[in-house]
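Work through the exercises below with the structure open. Each task is followed by its solution.

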There are 4 protein chains.
Amino acid sequence: MDEVEFRPEPGQYAWTFGGVAPTHRIRPGTVLRLWTEDAFSGRLRRPTDRPSEVLDMAEVNPQTGPFFVEGAEPGDTLALHLVDLTPARDWGASTTIPFFGALTGTDRTALLQEPLPELTWIYQLDRVRNTLLFEARRGDLRLELPVAPMLGTVGVAPAGREVRSSLVPDKFGGNMDTPEMRPGTTVYLGVNVEGALFSVGDGHYRQGEGESCGTAVEGAMDVTLVVELIKGGAPEWPRLEHDDDYVVVGSSRPLEDAWRASQVGMVGWLGELYGLDPLDAYQLLTQISLSPLANVVDVNYSAVTKVPKQFLPATDAYGGMHRHLRALARDL
Amino acid sequence: MDEVEFRPEPGQYAWTFGGVAPTHRIRPGTVLRLWTEDAFSGRLRRPTDRPSEVLDMAEVNPQTGPFFVEGAEPGDTLALHLVDLTPARDWGASTTIPFFGALTGTDRTALLQEPLPELTWIYQLDRVRNTLLFEARRGDLRLELPVAPMLGTVGVAPAGREVRSSLVPDKFGGNMDTPEMRPGTTVYLGVNVEGALFSVGDGHYRQGEGESCGTAVEGAMDVTLVVELIKGGAPEWPRLEHDDDYVVVGSSRPLEDAWRASQVGMVGWLGELYGLDPLDAYQLLTQISLSPLANVVDVNYSAVTKVPKQFLPATDAYGGMHRHLRALARDL
Amino acid sequence: MDEVEFRPEPGQYAWTFGGVAPTHRIRPGTVLRLWTEDAFSGRLRRPTDRPSEVLDMAEVNPQTGPFFVEGAEPGDTLALHLVDLTPARDWGASTTIPFFGALTGTDRTALLQEPLPELTWIYQLDRVRNTLLFEARRGDLRLELPVAPMLGTVGVAPAGREVRSSLVPDKFGGNMDTPEMRPGTTVYLGVNVEGALFSVGDGHYRQGEGESCGTAVEGAMDVTLVVELIKGGAPEWPRLEHDDDYVVVGSSRPLEDAWRASQVGMVGWLGELYGLDPLDAYQLLTQISLSPLANVVDVNYSAVTKVPKQFLPATDAYGGMHRHLRALARDL
Amino acid sequence: MDEVEFRPEPGQYAWTFGGVAPTHRIRPGTVLRLWTEDAFSGRLRRPTDRPSEVLDMAEVNPQTGPFFVEGAEPGDTLALHLVDLTPARDWGASTTIPFFGALTGTDRTALLQEPLPELTWIYQLDRVRNTLLFEARRGDLRLELPVAPMLGTVGVAPAGREVRSSLVPDKFGGNMDTPEMRPGTTVYLGVNVEGALFSVGDGHYRQGEGESCGTAVEGAMDVTLVVELIKGGAPEWPRLEHDDDYVVVGSSRPLEDAWRASQVGMVGWLGELYGLDPLDAYQLLTQISLSPLANVVDVNYSAVTKVPKQFLPATDAYGGMHRHLRALARDL
C-alpha cells in the first residue's frame, strides 16, 4: 500500500479546483498523510487581528493538492475516506469579514448598510479535555466547546473546462462546509477530468450547521485519508457515507435549490441501492430525511440530505467501498 | 388545576388563525386533553384514494380551538407545553398532492411541466413495536419506521388584523411542520390579540426534516398540553424549549430568509439569557448551531436554529417555565 | 349609469383585504369618484419627519373601500378601469423606513447590521409643468421628474377565508406597486367572496420599477374608476390591460417565483385569447415578453409579464371589456 | 485606426471566459469586424431537430475571441462599443432544452417531474420587412416579429484565477442575455487580468426580457465593435451606456440578489457621476429606475437597473467615452 506524506510550502498551495498542475500522481489505494493550512492562510492569529488588514483575499482557503489519481477518467467515482483529522495547532481562529456571512449584506445580497464590525475570536485548544475555549469579545462569557474536527473543502476539478475558486462549493464538491465531512466519512465525487485532480483543505476544529458568520473555528489540520477509485458510477452531486448514514450534499442558491438538489440526489441513490421508484423514494425521504444545513454563506449555499441506515435494509453502496475503507483505516 | 377535554365535531374545526370565535375560554395553568383530526380531514384512508378526488382543498388542516386564554394581552408570551401526543388511529396517511411539495412545481414555483402522479401511502401503526409500516407503492420494499409523534401546526391569532390559513407558518407559529414540536416541548408564542386565541392540529406520526412531498404520516392525535401565560416578553418568532435545547423557528421564502430569521431570533434569545452581545452570539452560533430544516413546502418555508444547552451555562429561560411545566406534566 | 363619490373620513379607512364590512354596495357599471389617503396616512409631511417617530405602523396604507359589487360571486372576474388619477395634494413624500426596503436587511432578510438612516424627501408638485421636484437631502442636486400617477394597491377580498394586510400583494391583487396600474388601465381580478369587496389606495405620483427604498412618491389621490363584472373566467393572478399591452402580475418570493407566476399566467391568457398551446406560448413569450419589475420590497415581491398587442393578432379579451370601458371613460 | 476582421473556424471557438489563449492582440481604438456562431454551434437547423439529439452540451455558446487588449491591466475599464449587429443567416432557431429554462425544473431547481417536450422553432428572417416569422408548432398562429439584434454574451476573463463557462453571467459580464446589449451600446467591464481577454458571442435576432424558455432567436451574427481602454475605474458589475440611458447589470441567484447588485451598482455610478450620496441615489432610483429583466434561466440570473438620462443633468461618464465612440462609429 502506497503512502504519501505531504506538507505543502506556502508557494505550493492550490487556490482553485482545476487549472493547477498536480503536486503528486498517486495510485488508487494510496494513503495520504497531509497537512492543510487554515482558510486564513495562517494570517489571523490574535484577537486584535482585523481581516481587512491582515488577510489577502486573493490568498484565502489554500488547498493541499491537487492529486492526480492514476486511471481516473471522466464518469468514474473518486472515493476518499477520511481516516483521521487532528488539529495541527493549539488554537483556531474565527472572524467577521466585512460583507461576508449569513447575517450581513454581501457583494451579492448587495445592500447599503454599513458593514458589521470586524472582530476576531481565537479559540485555545485543550488537547486533554478535547475542548475549544470560546471567549466573548464584548463580555465575560467563556465556554468550553468540544473539538469536532472536519474538512470544509474537498473537491475535484470541475466539469465543462471550468476552474473554480476554492471558496466555491458545487457539483465537484469544493467548499461545502458541512460538519458531515469528518473522520470516518467516505466521500464519493464524480470525476470530471483525467486524474480527478482532487485537493483538500479548510480544516475546522468545529463548526455549527450553516456556518453563520462565514468562518468556523479555522485551523491547520493533520489529515490522513485513503484514496480509492470506482470505475463509472459518477454521482451528479457529492455523496458521503458514514457507518450510520448516507448523505448527499447539494450546493446552489437560493437555499431551497441546494436542498432540492440533495433530495433529488438521494432519490437517485436510494433508487440505485434498492431499486426504489422515484416516487416511493420521495415519500420515504418525506418521513426519514435528516436535513442539517451545511453553509449559508458561500458562493453557493450547501444543504444536506441524510438518511440513517438503521431505517433501511442492509446493503453495500459502491460494492461495500465504505466498509472496505473503514477496515483498511483500522489497520493503519 | 383546570382540565378541559375537547374532541371537536367536524363543524367545530377552525381553518384559520384569527377570524374565528373561541371554542373555550381557559385560565393559565389549564390542562387540555384534545383530539385533533388529521390534515386531510380524515378523507384519505386507502392507498387507492386520490387527493384530487377525495380532498376538499377548502377543508384541509383542521385545527382544534381556538382557545381564549384569560389575561393574555398583546405583547405577552403564551407558553404551551406538549405533555403527550398519542396516535388516535391505527394508521396514518401520506400522499402527493398535484403541484404541492418540494420536488415539484407549485402554484408559486409556477412551471409548465405535468404534475407528478397522485399516489397515496397508508402506514399501519404497530402499537407494540411502536412502528409505522412503509410499503412501497411501486415495488416490494417494506420498512418499519419508529413512531415519532409531533404536531405540525400550533399557533396564535396573527398580528396586524390578519387572518391566515391554517396551512401557513409565520411569526404567529402556525403550520411550521417541524419535528422539534414533540412531546416534552414548551413552545413560546408572542400574543397578538386579547386572549391569544391559539389552536393546534396537524398531528404527524412521524416526519422527516423538510417534509419533502408536503405531507408527513398524517394522523388524528390525542394531545395533552398545559397552557401558561408569561406577561410581556413576546418573542418575534416562535421559540421552543426542550430539556436539552433551545430552538427558534423562522418562516419565510426563500429558505435562507427563514433560516436567517431563526438565527437572528436565537441571537436575541442568547442576548436575553446571557447578556451576550449580538456579535458574540453570532460567533457562538457559527460554532454550535444545529440547523435541521422544518418544511420546504408550505406557503412560507420553516427553518430551525437549535442550540444544545450542554454547551451553555445553566440558566432559566422565562423564569424556569419549562422546568415548571415539565414537573407539572409528570404529575398528570 | 350610477355614480358614487366617496372621500372616507380617517375612521373609515380599511387596513386589510377581507375582514371589513363594505362602505358601499354598488352595481356593475358604476362610476366611482374616490379620494385615497397616502400610504403614510398623511403623517409624513416635512423633510424633518422621521417615520419611526410620526408613523403608526398599525395604520399604514389606508384603503378606500371595500365596495360590495352586486352579483359578484366566487369565480367571477371583477374589471376595474382606472379613468383618471389626479394628485390631491401639491406634494408627495418618500422615506427610508428602518429595516424596510430592497437595499437593507428587513424583518425577513434578518441581518445584524445597523439600520440605514431615516431620511424623508418631500417632492413639490408643479401642476403647470407636471413635474415633481427631487431635492437631494445630502447635497445640492435638484431634478424635475415627470408626474406619472399610479395606484400601488388595488385588490379584492382573498380566498380561503384569509384577511390580509393592505401591505401585501398576492393573487387577490393588493399592494402590487406596479407602475402599470395607471390611468387607462383595466385590471381584472378573480372574485373570491360574494360581492368581491374590492378597495383601492396607495396613490403614487410616480414610482420606479422595483420601488427600491420601499416608498414611492406617496400622495393622496383623486381617483375615478369604473366597475364592471364579468361572470366566470376568474384569473389566478391579476391581469391588466392597456390599449397597447396585456399584463399579468405575479407576487411571491423569491423574485423568480413572482415572475414565473406572471409568465405562466400569461401563457394561460394567450391560450385563452388565441388557442395557443402552452409550449408555443412559452416560446412566444421568450421572444416578446417585457418584464419590468413592480416591487422588490413588499411581503411578496411583484413581477410583471407584459406583451405588446402590436405583435399579436387583434382580438378582444373578455369580450372587448377594455374597449368598452375606454369608450365609457371618454364620455365621463 | 486598426481594423481586424475575424471569422473563427469551428476549432477556434472559445468555450470559456479565461483559460484560453488570445486569438488576437489588439490596441485600444481597434475596430473589430467579427462573425459569431449561434449558441447551438449551428447544429439546430430544422423544426424536427431535437436538442438532445443534435446538440453537444460541451460545445454550446461558442465565443469569438478572446482578444488581448494591449495595456489593459487589472483595475482598468474595458469599453466595447457595439457599432452594428447584422444577422449572418436568414433564419434563427429556438428550442426547449430538457431541464433548462425558467418554467421547468432544472439541474438546480431539481424536481421529479418529467421534462417538457423538446420542440424547435425556426424563425425565417425577412430582410426587407426586417421581421422574423414565428410559426406555432402546435397550431396555426403565425406572427411577424421585428428583428432586434443583440449579443447575449460579452465578457472578459474573470477574477480570482477562475475560468467560467460561456454559459455563465457574473461580474465579468459573460452570458447576461440582456436585450440592452444592442447596436449603439457601450459596455464597460472591469479588467481582471492583463490584456482583459474579452470575447463575444451568442447573437440573438431578438429576445424577450427574461428569456423564458432559455433560448432566444439564436443566430449567427456579423458584429462590428470598437474597443477602447480606460485606465482605472473598473466597475464591480457590467455597466452599459446608450444615448438615452445608463444601465447596470447584476447577475446572481435568487433573482432579487441579481437586481440588488444592479441597484447598488447604479447607486455607485450615480455617486461617481453626480457626487450623489448613496441614500439620495437610493431615493432617486426608487422613483426613476427602469428594471427590465435580462434572463431568469442561466447559471446566474441577470437583472438590470436602467436610468433614463433625460431625468439627469447632462454629464460625461468616463470622460465622454460613449459620445466619442458613437462619433467614431458614425465614421466607419
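**Exercise 1.** Through which surface do the copies, chain A and chain B, meet?

Solution. This is a predicted model: local features need pLDDT of at least 70, side-chain atom pairs count only at pLDDT 80 or more, and totals for chains, interfaces and linings use all residues. Residues are numbered from 1 along each chain as written, chains are lettered from A and ligands numbered from 1 in written order, and side-chain values use heavy atoms, without hydrogens or water. Compare the interface residues: 98% of those of chain A are also interface residues in chain B, so the copies meet through the same surface.

**Exercise 2.** Find the relation between chain A and chain B.

Solution. Superpose by least squares on C-alpha atoms of residues with pLDDT of at least 70 in both copies. In chain A, the C-alpha of A:P292 comes closest to the rotation axis, at 2.2 Å.

**Exercise 3.** Is helix α2 of chain B enclosed or open?

Solution. Count buried residues (under 20% relative accessible area, 1.4 Å probe, protein chains only). In α2(B), 16 of the 20 residues are buried, so the helix is largely enclosed by the rest of the structure. B:G275 follows α2(B), with a positive phi near 65°.

**Exercise 4.** Describe how α2 and α3 of chain C pack.

Solution. Start with the axes, lines fitted to C-alpha atoms over the stretch in contact. The helices, residues 255–274 and 278–288, pack at about 120°, with axes 9 Å apart. Then list contacts (heavy atoms within 4.5 Å). C:Q263 and C:M266 are among the α2(C) residues that meet α3(C) residues including C:P278 and C:Y282.

Definitions and conventions: Buried < 20%, exposed > 50% of the residue type's maximum accessible area, 1.4 Å probe, protein only. Helix = DSSP H or I, 4+ residues; strand = E, 2+ residues; numbered from the N terminus. Axes fitted to C-alpha atoms, helices over the stretch in contact; angles between N-to-C directions.
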